[in-house]
Amino acid sequence: MVNDSSKAAETQRARNVADAPRVADLLAGAATLGVAQLDAQLLLQQLMHCPRAQLLAFDDTAVDAMTAALFHAAAARRAAGEPLAYITGLREFWSLPLVVTPAVLVPRPETELLVELCLARLDHSPRLVADLGTGSGAIALALASERADWMLIATDASTAALEIAAINRERLGIRNLALRAGNWCEALPAEHFDAILSNPPYIAPDHPALRDLAYEPRSALTAGADGYADLFSIAAAARAHLKPGGLLLLEHGAGQARSLRQELLSLGYADITCRQDLAGLDRATAAIWP
Ligand SMILES: C[S@@+](CC[C@H](N)C(=O)[O-])C[C@H]1O[C@@H](n2cnc3c(N)ncnc32)[C@H](O)[C@@H]1O
């Protein structure tokens, strides 16, 4: 009797495996929904806890019903336009794996330009550096991880965003980063900084690009009527917080470099230079407070 029932269970298990969808079936199903191949692979890789190479090399592997159901749900979210990072809960920035939720902007590769410029401009000696509007903590965490002798202060008006930045600081074991809540420079301590960086909201509220950014917090994207309000108010306020010779580094929209330069000149900044991102678009402006 025992033998019969265990044989039956064994047969059922074999049937289940035979009927189970294969990796290749799930990926093909996601493609019919319009999900990009790489996105589908990354979603399935996370659910199956295996490297992508393994997934692809053994794409006839049977997938259990629970994993298949979770994958269908994730693929449907992606097909509806939700950023991959919000579905997986992770995004890499400067090679750091960052937790992201809809409380924060998904860090963009072009923002690594600010990190690169700051590291190139300041040497390894102890420095005090601020990241205004830190979101997930991306810029500040990248700098803090590269320069153990620097002290970073990262601010945000959103306490929900600061909670994510704090989780990332903890997960990465970063010790030289303090987080503060508040409006731009008002959140900074009464000290003078070697550098102030920011990737503030800079999109005009009527810009068509916002249609593709519906899942990200509006407060992280738009500024004033024309997109310049936060760039200009940070530039004005930063003057009281920079050391003489201190560096202001701002990310901005591709068409904003000229007006930002004019504003920085009229505020008294010097040595104003604009750098392009990998797509060749004007993306970051550096200025020195004399
Ligand atoms: C474009 S996101 C940048 C996030 C992050 N630094 C990055 O590069 O991924 C702008 C950030 O500025 C924050 N922010 C918006 N208005 C602010 C204000 N008045 N004061 C401080 N932070 C603000 C938003 O909450 C958001 O996290």
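Two residues count as being in contact here if their C-beta atoms, placed from the backbone, lie within 7 Å. You are looking at a predicted model, in which local features need pLDDT of at least 70, side-chain atom pairs count only at pLDDT 80 or more, and totals for chains, interfaces and linings use all residues. Residue numbers start from 1 along each chain as its sequence is written. Helices (H or I, at least four residues) and strands (E, at least two) are DSSP runs, numbered from the N terminus.

**Domains**
- The protein splits into domain 1 (2-80) and domain 2 (91-289), with bounds that come from an automatic or database domain assignment.
- Between the C-alpha centres of domain 1 and domain 2 there are 40 Å.

**Helices α3 and α5**
- Helix α3 (residues 37-48) and helix α5 (residues 65-79) have axes that come within 10 Å and cross at roughly 145°; axes are lines fitted to C-alpha atoms, for helices over the stretch in contact, and angles run from 0 to 180 degrees between N-to-C directions.
- The α3 and α5 crossing is right-handed; a crossing is left-handed if the near helix is turned anticlockwise from the far one by less than a right angle, and right-handed if clockwise.
- From α3, Asp39, Ala40, Leu43, Leu44, Leu47 and Met48 meet Thr67, Leu70, Phe71, Ala74, Ala75 and Arg78 of α5.
- That contact of α3 with α5 has 9 nonpolar, 1 polar and 2 charged residues; Ala, Val, Leu, Ile, Met, Phe, Trp, Tyr, Cys and Pro count as nonpolar, Asp, Glu, Lys and Arg as charged, and the others, Gly among them, as polar.

**Helices α7 and α8**
- The axes of helix α7 (residues 112-121) and α8 come within 9 Å, crossing at roughly 35°, and this crossing is right-handed.
- Leu114, Val115, Cys118 and Leu119 of α7 meet Ile139, Ala142, Leu143 and Glu146 of α8.
- In the contact of α7 with α8 there are 7 nonpolar, no polar and 1 charged residues.

**The sheet**
- Seen in order, the open sheet of 7 strands runs β5-β4-β3-β6-β7-β9-β8, with mixed pairing; two strands pair if DSSP finds at least two bridges between them.
- β5 (177-181) and β8 stand at the edges with a single partner strand each, so one side of each has no neighbour in the sheet.
- From one strand to the next, the twist averages 15°.
- Helix α8 packs on the sheet, where it touches β3 (128-132), β4, β5 and β6 (193-198), and its direction makes about 175° with that of β4.
- Strand β7 (residues 242-251) pairs with β9 in the antiparallel sense over 6 bridges, and leucine 249 stands opposite alanine 286 in β9.
- Strand β8 (residues 270-276) and strand β9 (residues 282-289) run antiparallel, joined by 5 bridges; threonine 273 has alanine 286 in β9 as its bridge partner.
- The hairpin of β8 and β9 has 5 residues between the strands, and glycine 280 there takes a positive phi near 80°.

**Around the ligand**
- The ligand is surrounded by 23 residues, of which the closest are Gly133, Gly135, Ala157, Asn199 and Ala220; a residue is near a molecule or strand if its C-beta atom, placed from the backbone, lies within 6 Å of it.
- Two or more residues of this shell come from each of α8 (138-146) and β4 (151-156).
- By class, the shell around the ligand holds 12 nonpolar, 10 polar and 1 charged residues.
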